[in-house]
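Let us walk through this structure by its charged contacts, then turn to a ligand site.

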Amino acid sequence: MTERAAASPPPATAIAPDFATLPRRAEASTRVNLVGLTRDGLSDALREAGVPDRQLRMRAGQLWAWLYQRGARDFSEMSNLSKGFRADLDTTFEIRRPEIVSRLVSTDGTRKYLLRIAGGHEVEAVYIPEEDRGTLCVSSQVGCTLTCSFCHTGTQKLVRNLTAGEIVGQIIVARDDLGEWPEPGRRPPETRLVSNIVLMGMGEPLYNTDNVRDAMRIAMDGEGLSLSRRRITLSTSGVVPEMRRAGEEIGALLAISLHATTDEVRDRLVPINRKWPIAELMQACRDYPRLSNAERITFEYVMLKGVNDTDADAKRLVRLIAGIPAKVNLIPFNPWPGAIYERSDWERIESFAEIVNRAGYAAPVRTPRGEDILAACGQLKSASERARRPRPGIAAGTGP
Ligand code: SAH
Ligand code: SF4
């Protein structure tokens, strides 16, 4: 996500120049998908398929490299495996990625993918190119159960958790689309197109911790997708009991969707707050493994006009995070059809940022990216779900 000083309004964007729709495919596969299996899971699957124990390590290593370093789509590409073995693999296993149903490219270069996964469900992933890095915003669930009142995804009822293969598959599909698989014999370029991952797409990653963990382990594996742990950020709305385990088992950088400084307001914006209120959330942040100045927590704060954007809020925010190595990401509210909030005025955002800054915390304002294609934070929602109405009950309680 791009950050910049709160000096000028965001640039205007125009309608997407590039829209591609691919035909949908019927699916009826009984073969086991190799994408998303852990290293141990891959070995187990091969053993079950009859690969002798003494070959397991080698075979798993070969397949792992084809899947995640070369981006193989088909066993026939695996030139260092015998034809017979490739044919055996093909009868039992498959290499299945999410299918790109449509791809929208914003005038600012942001790409939004609508992806179709097993069962005909759809999720979105967003690629955000910047000068020195490229960030892929990845979904963890189809929809979200957590009805935050300012979030488009929250208006879609949860259909299901994504599998590890569907989560890591989003990275693979983005690399396919960007043409980022190394050519044989060529060294990969220093700056990768997909260099950073943010778990900030659809869904609450800590309601799907195991699958997110398995997928991120493949992403971080030096012989897998080989992304640095410190370039992966997991954003949670505050699932307190899962935070420590996420730190220990995934170890990604943590982002917290705070968005309010009193329980009264946060209860209305982020309803999970009624279960785990601000004080408990802050304690879990202080207890987050590996927390240090080099690995700060990002507090996300959506700027909602007249709801959470006063100077008093900014001062309370600073007191809440006192002592936590942190930075604050101010996110101007991104509107969506039917939303009941408005974005705070630019002067208000600047004044808020100034207070947080003076207290010693970086407080960049996140430039909305891909607004013209509804790809900005909180705007994601499967196209098939987009026609649904906003929830009047929540709207009534949280209006500005
Ligand atoms: N469910 C997780 C991760 C996905 S949301 C979470 O809530 O943290 C990614 C970020 O976008 C969150 O901080 C979320 O609160 C914020 N967001 C949601 N809707 C938004 C909107 N309409 N405008 C700006 N930010 C929004
Ligand atoms: Fe779910 Fe996050 Fe949206 Fe809340 S902000 S509804 S937790 S995706």
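What separates glutamate 354 and arginine 358 in helix H10? The two are four residues apart in that helix (residues 346–358), so about one helical turn lies between them. Glutamate 354 is partly exposed at 40% relative accessibility. Arginine 358 is exposed at 64%. (Buried means under 20% relative accessible area, exposed over 50%, partly exposed in between, with a 1.4 Å probe and protein chains only.)

This is a predicted model: local features need pLDDT of at least 70, side-chain atom pairs count only at pLDDT 80 or more, and totals for chains, interfaces and linings use all residues. Residues are numbered from 1 along each chain as written, chains are lettered from A and ligands numbered from 1 in written order, and side-chain values use heavy atoms, without hydrogens or water.

The whole structure holds 32 salt bridges. In one of them, aspartate 176 meets arginine 73 at 3.3 Å, N to O. Aspartate 176 sits in helix H4 (residues 164–178) and arginine 73 in the loop between helices H2 (53–68) and H3 (83–92), so the pair ties together parts 103 residues apart in sequence. (Helices, H or I of at least four residues, and strands, E of at least two, are DSSP runs numbered from the N terminus.) Aspartate 176 is buried at 17%.

Now the ligand. Around ligand 2 are Cys144, Leu146, Thr147, Cys148, Cys151, Gly154, Gly203 and Ser237, each with a heavy atom within 4 Å of it.

Technical notes. Salt bridge = Lys/Arg side-chain N within 4 Å of Asp/Glu carboxyl O.
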